[in-house]
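This briefing concerns the structure shown below.

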Amino acid sequence: MQAAWMTHRSMTADPSVKAQKLKPGTVKRIFSFAKPYRTSILIFLGTVVVDAALVVATPLLLLRLIDDGVIPKNGDLVTKLAILVGLLAIADAAFSMLGRYFSSRIGEGLIYDLRSLVFAHVQKQSIAFFTRTQTGALISRINSDVMGAQQAFTATLSGVVSNIVSLILVGVTMMILSWQITIFSLALLPAFLIPTKWVGRKLQALTRESFDVNAQMSSTMTERFNVSGAMLVALYGQPEREREYFRSRARRVADIGIKTAMLNRLFFIALTSVAAIATAFAYGIGGHLAIKGQVTVGTLLAITALLARLYGPLTALSNVRIDVMTSLVSFERVFEVLDLEPMVKNREGAINYQGKNPRIEFDNVGFAYPRANEISLASLESAAKPETVDSGEVLKRLSFVAEPGTLTALVGPSGAGKTTISALIPRLYDVTSGAITIDGYDIRELTMESLRESIGVVMQDAHLFHETIAENLRYAKNDATDEQMRTACEAAQIWKLIESLPNGLDTMVGERGHRLSGGEKQRLAIARLLLKSPAIVILDEATAHLDSENEALVHDALENALKGRTSIVIAHRLSTVRAADQILVVENGSIVERGKHDELVALGGLYADLFNRQDLTGSPD
């Protein structure tokens with residue numbers, strides 16, 4: 001009965017699972033994941049079958065104990081049978097433990113395999129994938145769906161096998177002992193299964209709503225409990241509004257919990273009541289048959305004991321399709337992620353780049369951002385609506401050369417395509433047309449690992465992990481010594497600050513580095529770049545939004561970072577790029593002016609206009 005109760009709780013899966021159609025080959029693919037565990041699965045199923053068989057053994061021993069032991073007053077047999085019942089109980093416990101061990105081994109092994117595969121595969125995706133994917137949905141695939149998938153080989157598989165074996169053994173045994181009592185005892189089964197379906201539908205609806213409301217609460221907490229969210233709430237003085245919003249959803253979850261608890265109790269009462277009434281039928285009919293001598297008292301007691309073990313498997317198997325499909329659909333959702341091909345990947349036969357003083361050339365480069373269906377999954381986006389409008393060409397027949405060891409500056413109005421140009425060099429995206437070459441090699445012919453190993457990037461908002469300063473630095477060079485880190489930090493003008501901290505390099509920087517100021521984060525990011533010692537440096541607005549003091553420190557750090565390296569610098573503050581070897585003025589995805597600072601100012605075009613406006617206001621455009 002307890003098995004049926006637990007199985008019924010699994011019926012609360014989304015009812016759409018019933019109508020779900022699996023893709024061809026899904027089941028075969030699932031079994032390929034089971035191959036490494038086939039021996040464990042066979043042993044596990046063996047323990048399940050033995051455990052199910054022991055369900056029948058105890059009532060049959062009870063029959064002999066009554067008919068051959070108690071009634072004939074055979075004390076020796078009673079003692080032997082009682083000992084045997086005890087030994088069966090011990091054997092049942094042993095097989096249960098053995099089954100649990102192999103179940104855990106299979107389940108945890110599958111979870112490990114799937115999570116490792118999904119994590120590694122997601123890491124290969126292009127940046128475009130992450131710009132669209134909802135982080136929470138992706139994490140759910142790695143956690144919830146992987147857990148659901150492993151249920152197929154543990155709880156669902158064992159439940160189905162155990163219930164089928166139990167049902168067959170119990171049913172056949174009962175029919176052999178007395179078909180009359182068996183048939184009359186099962187007469188109430190339809191009266192129980194029909195309400196069970198109704199309760200199941202109600203629980204499904206409530207569970208679905210509970211998942212939705214819990215997801216809203218989780219999203220609220222994720223957004224409000226990070227540093228930026230908490231700061232916004234505090235600065236705009238809306239904590240009471242936030243509390244009310246959260247309380248309303250928490251109240252709804254509580255109301256759903258009460259309704260769910262009542263429905264579960266109703267189901268449990270219905271199950272126990274019907275089983276009790278069926279047992280009463282068995283005692284009534286069997287009692288009369290025993291009086292007439294058509295069955296023995298032991299047979300009557302054995303049948304009633306078996307009857308209690310019959311309703312559970314019947315109820316569980318009536319909903320087995322939902323349980324099986326839920327597990328299989330979880331597998332399919334995991335496969336959906338694994339089957340999403342990375343948009344940017346190594347070509348076959350790609351070579352390792354080992355240049356030290358590279359020459360970068362853009363040759364008639366055109367680029368348009370990929371469509372949603374090319375880079376992401378609708379199920380991983382919070383608003384899964386197809387986009388019918390393309391981004392259009394962001395870059396158009398763009399050509400320039402960055403000679404070895406020179407500094408190329410990209411300037412222009414916002415949205416002109418400067419950041420897109422910088423993102424194409426490390427292949428965060430691939431060009432749509434034309435080519436980018438490094439030392440004559442098309443970067444698509446190079447391995448991404450070697451290409452990115454030769455490039456160092458500092459963004460406008462330097463990202464730091466919630467780790468120590470040392471761990472953030474070692475992300476660029478995992479075997480860096482303290483002395484190497486000190487040298488890099490001194491060059492980045494940040495060592496004095498680190499040295500003044502109580503924990504030095506072991507100081508935690510906080511989430512996204514919020515315990516540091518903007519200038520300190522930038523200088524730490526530059527130190528990380530120096531530790532990597534790349535041949536190519538890309539700076540994307542690295543000094544934007546800094547005060548004068550921090551800008552001066554960062555500027556000094558950047559001078560060290562750019563020495564002897566081929567550099568691409570994006571800047572709004574034009575005063576910072578006066579010394580550039582060449583300045584490219586980008587507008588609407590095209591280079592409209594190029595030259596040195598003085599030449600472009602004298603030209604009187606867009607660059608001169610931008611420079612003069614900044615010179616007048618003393619701030620970036």
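The second largest pocket is lined by 41 residues, of which I127, L428, R452, V457 and Y475 lie nearest its centre. The model is predicted, so that local features need pLDDT of at least 70 and side-chain atom pairs count only at pLDDT 80 or more, while totals for chains, interfaces and linings use all residues. Residues are numbered from 1 along each chain as its sequence is written, and side-chain values use heavy atoms, leaving out hydrogens and water.

**Pocket**
- A pocket is an open set of points on a 1 Å grid over the protein atoms alone, where a 1.4 Å probe fits, with protein on both sides within 12 Å along at least five of seven lines; lining residues have an atom within 4 Å of a point.
- The volume of the second largest pocket is about 1,900 Å³, taken as the space filled by probe spheres set on the points, which are joined across faces, edges and corners.
- Its lining divides into 21 nonpolar, ten polar and ten charged residues; Ala, Val, Leu, Ile, Met, Phe, Trp, Tyr, Cys and Pro count as nonpolar, Asp, Glu, Lys and Arg as charged, and the others, Gly among them, as polar.
- Elements that each supply at least two lining residues include α5 (127–132), α17 (448–453), β6 (455–458) and α21 (518–532).

**Overall architecture**
- The protein has 24 helices and ten strands, assigned as DSSP runs (helices H or I, at least four residues; strands E, at least two) and numbered from the N terminus.
- Of the 621 residues, 44% are buried (under 20% relative accessible area, with exposed over 50% and partly exposed in between; 1.4 Å probe, protein chains only).
- Among contacts (heavy atoms within 4.5 Å) between residues at least 6 apart in sequence, 81% join residues at least 24 apart.

**Helices**
- Helix α11 (residues 239–291) has 53 residues and should span 78 Å at 1.5 Å a residue, which agrees with the 76 Å between its end C-alpha atoms; the expected span is 1.5 Å times one less than the number of residues.
- Helix α7 (residues 155–177) reaches 32 Å over its 23 residues, close to the expected 33 Å, and its buried residues include V165, V170 and M174.

**Positive phi angles**
- N364, not a glycine, has a positive phi of about 50°; N364 lies in strand β1 (residues 360–368) and counts as partly exposed because its relative accessibility is 32%.
- N588 has a positive phi near 55°, lies in the loop between β9 (582–587) and β10 (590–595), and is exposed, with a relative accessible area of 55%.
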